[in-house]
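Please look through the model below with these comments beside you.

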Amino acid sequence: MRWSAHTALTSLSTRHLRSLIRECTRRSSIDVGKKLHAAIITTGLAASADSFIYNALLHFHAACGSPVHARKVFDEIPKSHKDTVDWTILMGCLARHGMHRNGLGLFVEMRREGVRMDDVAVVCLFGGCARLGEVEIGVQGHGLMVKAGLSSSVKACNAAMDMYVKCGELGMARRVFEEMWERSVVSWTVILDGVVRWEGVGSGRVVFDAMPERNEVAWTVMIVGYVSVGLVREGFALLKEMVFGCGLGLNYVTLCSFLSACVQSGDVVTGSWVHVYACKTMGSEMDVMVGTALVDMYAKCGRVDTALKVFQQMKYRNVVTWNAVLSGLAMHGRGRVVLKMFPQMLKEAKPDDLTFTALLSACSHSGLVEQGRHYFQNLEALYGVTPTIEHYACMVDVLGRAGHLEEAETLIKTMPMPPNEVVLGSLIGPCSVHGKPQLGERLLQDLVQINPQNTEYHVLLSNMYALGGKKDKANLLRQGLKNRGIRKMPGMSSVYVGGQVHQFSAGDKSHGQTAEIYMKLNEMIQRLRVAGYVPNTACQVFSGFDNTDESIADNLEELEQALFSHSEKLAVCYGLMSTRAGSPLHIFKNLRICQDCHSAMKLVSLVYDREIVIRDRNRFHCFKQGSCSCSDYW
């Protein structure tokens with residue numbers, strides 16, 4: 001005889017029901033657990049609070065990733081039947097799903113109800129404060145921790161230190177560390193992370209060397225610290241010691257951390273070593289996160305063809321992987337390749353808002369106006385993606401670069417949200433290129449209100465005036481910034497040579513080989529002049545606006561000399577003299593490359609027969625045989 005589910009459930013004791021729910025939790029049997037929950041409700045088996053079935057269901061939903069259901073079940077449990085574990089289980093669930101504000105609210109509610117606070121609750125509180133940057137709430141939580149007698153808990157103190165580190169309060173983190181009676185390797189690693197982050201790798205190395213024990217995280221923090229600031233030799237030496245000296249393995253988290261640091265410094269050598277290591281240890285079944293990080297690293301270090309090859313060799317790719325390769329191709333001006341690959345993506349992954357940011361960016365950098373309009377206008381209708389402010393910024397950029405400034409301005413006015421700095425800033429450059437100073441002035445007024453410290457827009461508008469023969473207006477704009485005490489962000493260019501990152505600023509003479517660099521610069525300028533180079537002195541209008549001597553602005557020779565010593569030209573000269581003939585040069589600049597340097601680099605690539613890849617703040621420029629990958633559309 002077959003019994004109905006109703007009969008079978010009602011024949012079980014509440015103890016057995018709780019055991020069933022706990023088994024579903026242990027096995028992550030979500031479907032079975034939900035059906036069991038539904039049956040319990042319809043049969044009324046949980047009507048009695050003393051059954052504690054709802055407590056078991058709370059743990060099930062929290063463990064199986066259902067914070068909404070977990071909260072509903074939590075609210076069904078009478079206050080008298082909730083203990084500290086129930087509260088912390090829900091707090092942990094909210095934290096795991098990024099609902100940190102809700103988690104903090106739950107902690108406040110817990111304190112209001114007079115529930116005893118344990119170290120798990122404190123850890124959840126500090127974790128939420130760290131993610132939200134709520135250091136004031138964290139300080140209050142620290143006080144509660146001390147009053148509750150939890151200062152002896154290593155776990156709680158580690159969480160407090162981590163919160164202070166992530167909120168930039170290294171002094172408070174040190175204070176907690178020094179007052180700890182017992183310290184674990186995690187305690188040392190947290191303080192190491194803080195010192196490297198806020199005081200630099202020099203101070204961090206002192207802490208690292210003093211550690212009585214080091215785990216994989218500590219090694220990773222120190223190595224990433226070195227690589228991210230360009231101290232590649234030191235980082236690589238430590239990496240070899242970690243792997244070959246200590247026999248520690250690199251998991252996918254560590255590998256992704258290393259690759260992220262390589263992106264920051266442009267260190268493709270260490271990145272390639274990580275790639276080889278990942279291939280040897282993971283084989284063809286490479287973790288999708290590592291594969292995606294490799295695609296991102298190669299693309300952002302100027303090796304987009306290698307990034308595409310890694311992408312094509314990956315057996316499993318998710319939407320993040322696709323976004324990485326599409327964004328990389330877009331930055332390199334390969335817009336048509338991006339549009340060709342998109343239909344293939346639709347067969348493998350569901351595109352998200354970042355996908356369409358990459359698509360629209362690709363259209364912008366490649367002048368694909370009609371395609372950009374198509375994707376933007378059909379975001380919601382065809383793909384179910386609500387347009388974000390990033391999509392509007394990209395579309396404004398698409399229209400502005402193509403000269404459709406009136407249409408771009410109309411789009412800004414019809415946005416469902418107020419335009420931000422990125423949206424308005426996207427149109428300043430096109431105003432300069434297409435000779436629309438009146439629109440540029442209106443945009444600058446709005447931009448100054450949003451961010452008065454950003455000098456980039458003033459530079460673009462000043463260049464616009466200078467190119468239009470309005471030198472007085474350009475100088476007036478410069479003088480206005482000077483009077484307000486605002487300085488232009490200095491341009492910095494880096495080139496990776498001989499296992500080290502070499503950084504230059506405009507007119508830099510701090511390098512150990514300064515004399516040789518400037519001799520090479522003089523030789524390069526002479527060869528470029530023979531090849532037809534004419535300095536574009538309009539690009540130098542805004543240089544050195546701390547100097548009030550107006551004669552400098554009128555002295556052509558002075559202007560040309562200033563142009564010749566722009567940071568990217570110095571970096572290229574050092575690369576030319578320090579690497580073998582014919583080898584490519586990869587340069588990274590923190591600002592947008594100027595028109596003069598762009599023209600000069602095209603000729604350098606031709607005269608010296610070098611491929612020169614420059615990553616500025618907007619995109620990549622690949623100079624080869626006298627032309628650029630951007631086709632002068634930038």
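Predicted model: local features only at pLDDT ≥ 70, side-chain atom pairs only at ≥ 80, totals over all residues.

1. Residues are numbered from 1 along each chain as its sequence is written, and side-chain values use heavy atoms, with hydrogens and water left out.

2. On the chain as a whole: its secondary structure comes to 35 helices and 6 strands, where helices (H or I, at least four residues) and strands (E, at least two) are DSSP runs numbered from the N terminus. The C-alpha atoms fill a box of roughly 95 × 60 × 55 Å along the principal axes. Of the 634 residues, 51% are buried, a word that stands for under 20% relative accessible area, with exposed meaning over 50% and partly exposed in between (1.4 Å probe, protein chains only). Among contacts (heavy atoms within 4.5 Å) between residues at least 6 apart in sequence, 64% join residues at least 24 apart.

3. On helix H5 (residues 67-76): the buried residues here are Pro67, Ala70, Val73 and Phe74. Seen down the axis of H5, these residues fall within an arc of 125°, so they line one face of the helix; the arc is that of the directions from the helix axis to the C-beta atoms. An α-helix has 3.6 residues a turn, so residues three or four places apart point the same way. Helices H3 (30-43), H4 (53-63), H6 (84-96) and H7 (100-112) are among what covers the buried residues of H5, whereas the face turned away from the buried side carries the exposed residues Val68, Lys72 and Glu76.

4. On H17 and H18: how do helix H17 (residues 268-282) and helix H18 (residues 288-300) cross? Their axes come within 11 Å and cross at roughly 155°, the axes being lines fitted to C-alpha atoms, for helices over the stretch in contact, with angles running from 0 to 180 degrees between N-to-C directions. The two helices are therefore roughly antiparallel, since angles over 145 degrees count as such, under 35 as roughly parallel, 65 to 115 as roughly perpendicular and the rest as oblique. In their contact, Val268, Gly271, Ser272, His275, Ala278 and Met282 of H17 meet Val290, Leu294, Met297 and Tyr298 of H18. These residues divide into 7 nonpolar, 3 polar and no charged, where Ala, Val, Leu, Ile, Met, Phe, Trp, Tyr, Cys and Pro count as nonpolar, Asp, Glu, Lys and Arg as charged, and the others, Gly among them, as polar.

5. On H15 and H17: helix H15 (residues 232-245) packs on H17 at an angle of about 20°, with the axes 11 Å apart, which makes H15 roughly parallel to H17. Val232, Phe236, Leu239, Val243 and Phe244 in H15 meet Thr270, Trp273 and Tyr277 in H17, and the residues of this contact divide into 7 nonpolar, 1 polar and no charged.

6. On two backbone angles: most residues other than glycine have a negative phi. Aspartate 609, in the loop between helix H35 (595-607) and strand E4 (612-615), has a positive phi of about 50° although it is not a glycine, and is partly exposed at 48% relative accessibility. Glutamine 625, in the loop between strand E5 (620-624) and strand E6 (627-628), has a positive phi of about 50° and is partly exposed, with a relative accessible area of 48%.
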